[in-house]
Amino acid sequence: MVRHSKNNTASGVFTYAERQMVDYGTKTKRLGSDSKRAFDACYLCLATARTPMVCPSGHISCKECVMQSILEQKKTIERAKQEYAEFQAQQASELAEQQRDRDDAEVQRYIERDVGLSQTRVTKRSSTSDDEQVAESSKRPKLIEFKGAGGSKQRAETKDLVEKPKLPSFWIPSLAPTAKTTVSDPSKHSVQCQASAPAHSLRLKHLVEVQFRTSSKGEKLCPSCDKPLLNSTKISVLAKCGHAVCQRCVNNFVLTTKAPACVVCQKKVSGKADIIQIESEGTGFTGAGGRMVATRYDSALQA
């Protein structure tokens, strides 16, 4: 290979080295195991879960973190409900005010049409003073002369030449349209688990406290086969007791027996409904439910 061949820019296609040096366009990069969350890490604080709790979908979190998340979401929902109630009260008051204006206008039209009375007092021209006549004449539209198509002079009032705007104007403050404030109904909002996309509903009574078997070195072990639990291992939690067992032992020693029970405490298991599989992000080679490629979108090179 000739020296500086990787930096050759005479080719119509970028080489790999040239593409790495260019800082525009869409770039993708494969994530390694260092970018993956451990199976026993909290999805909220990203640290090893203290008093780990698992939701029915298999997402592990610290007990303190998930309690704080649930409390904050409930406060947000209550605040949204209060804002929605205030918005409804404001809408009702505006509708009542509009109805009063319509009623007043209807009463005024009835008085002018049927009774023959009007609130505006008509004054005679002879009784008006000179100053009032000058003010009245100034309000009248002025007549201007212009040449028509045949060259003849014509007169027209200035109010006929001025067209009234029919559409709202965004650059004139007096004609700018006003946007109505809308508030969504929070009655359908509920506490959500943010570990998945889309998020699913979460309740405190559905959380299960996970009990891992830990070795003297701090490794998480399966209580049945004594094998270490890793991100690449399928781990199941028994909902009745919370013991974490690898999926192979669950299939061989729990679900295959006539009376399914936990291999540690012998608590009865109703079936697959009482088994929660822990969601993990896998390793640097396998996805196991996590995204392995990170993509950065940027503007492309334009001539």
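Is Arg213 buried, partly exposed or exposed, and at what relative accessibility? Arg213 counts as partly exposed, at 37% relative accessibility, where buried means under 20% relative accessible area, exposed over 50%, and partly exposed in between (1.4 Å probe, protein chains only). The model is predicted: local features need pLDDT of at least 70 and side-chain atom pairs count only at pLDDT 80 or more, while totals for chains, interfaces and linings use all residues. Residues are numbered from 1 along each chain as its sequence is written, and side-chain values use heavy atoms, with hydrogens and water left out.

**Overall architecture**

- The protein has five helices and 14 strands, taken as DSSP runs numbered from the N terminus (helices: H or I, at least four residues; strands: E, at least two).
- The protein comprises 303 residues, and 24% of them count as buried.
- Among contacts with a separation of 6 or more, 50% are between residues 24 or more positions apart; contact means heavy atoms within 4.5 Å.
- The protein has an accessible surface of about 23,200 Å², and carbon and sulfur atoms hold 52% of it; such areas come from the Shrake-Rupley method with a 1.4 Å probe, and for residues only the protein chains shown count as cover.

**Salt bridges**

- Four salt bridges are present in the structure, each being a side-chain nitrogen of Lys or Arg within 4 Å of a carboxyl oxygen of Asp or Glu.
- One of them joins Lys220 and Asp40, with the closest N and O atoms 3.0 Å apart. Lys220 belongs to strand S10 (residues 220-221) and Asp40 to the loop between strand S1 (27-30) and strand S2 (52-54), so this pair ties together parts 180 residues apart in sequence. Both Lys220 and Asp40 are buried.
- Arg213 is paired with Asp226, their closest N and O atoms being 2.3 Å apart. Because Arg213 is in strand S9 (residues 213-214) and Asp226 in the loop between S10 and strand S11 (235-238), the pair ties together parts that are 13 residues apart in sequence. Asp226 is partly exposed, its relative accessible area being 43%.
- Asp274 and Lys240 also form a salt bridge, at 3.4 Å from N to O. This pair links distant parts of the chain, 34 residues apart: Asp274 is in the loop between helix H5 (247-254) and strand S13 (275-277), and Lys240 is in the loop between S11 and strand S12 (244-246). Asp274 is buried at 12% relative accessible area, whereas Lys240 is partly exposed at 44%.

**The second largest pocket**

- The second largest pocket holds about 260 Å³ of space. Eleven residues line this pocket, and Arg19, Gln20, Thr26, Lys27 and Thr28 lie nearest its centre.
- Helix H1 (16-21) and S1 are the elements that give two or more residues to the lining of this pocket.

**Two serines**

- Ser61 lies in strand S3 (residues 60-62) and is buried, with a relative accessible area of 2%. Leaving aside residues up to four places away in sequence, Ser61 touches Cys42, Tyr43, Ala49, Thr51, Pro52, Met53 and Val66.
- Ser215 is found in the loop between S9 and S10 and is partly exposed, with a relative accessible area of 22%. Ser215 and Pro228 are 13 residues apart in sequence, and their C-alpha atoms are 9.1 Å apart in space.

Notes:
On a 1 Å grid over the protein atoms alone, a cavity is a set of points where a 1.4 Å probe fits but cannot get out, and a pocket is an open set with protein on both sides within 12 Å along at least five of seven lines; lining residues have an atom within 4 Å of a point. Grid points are joined across faces, edges and corners, and a volume is the space filled by probe spheres set on the points.
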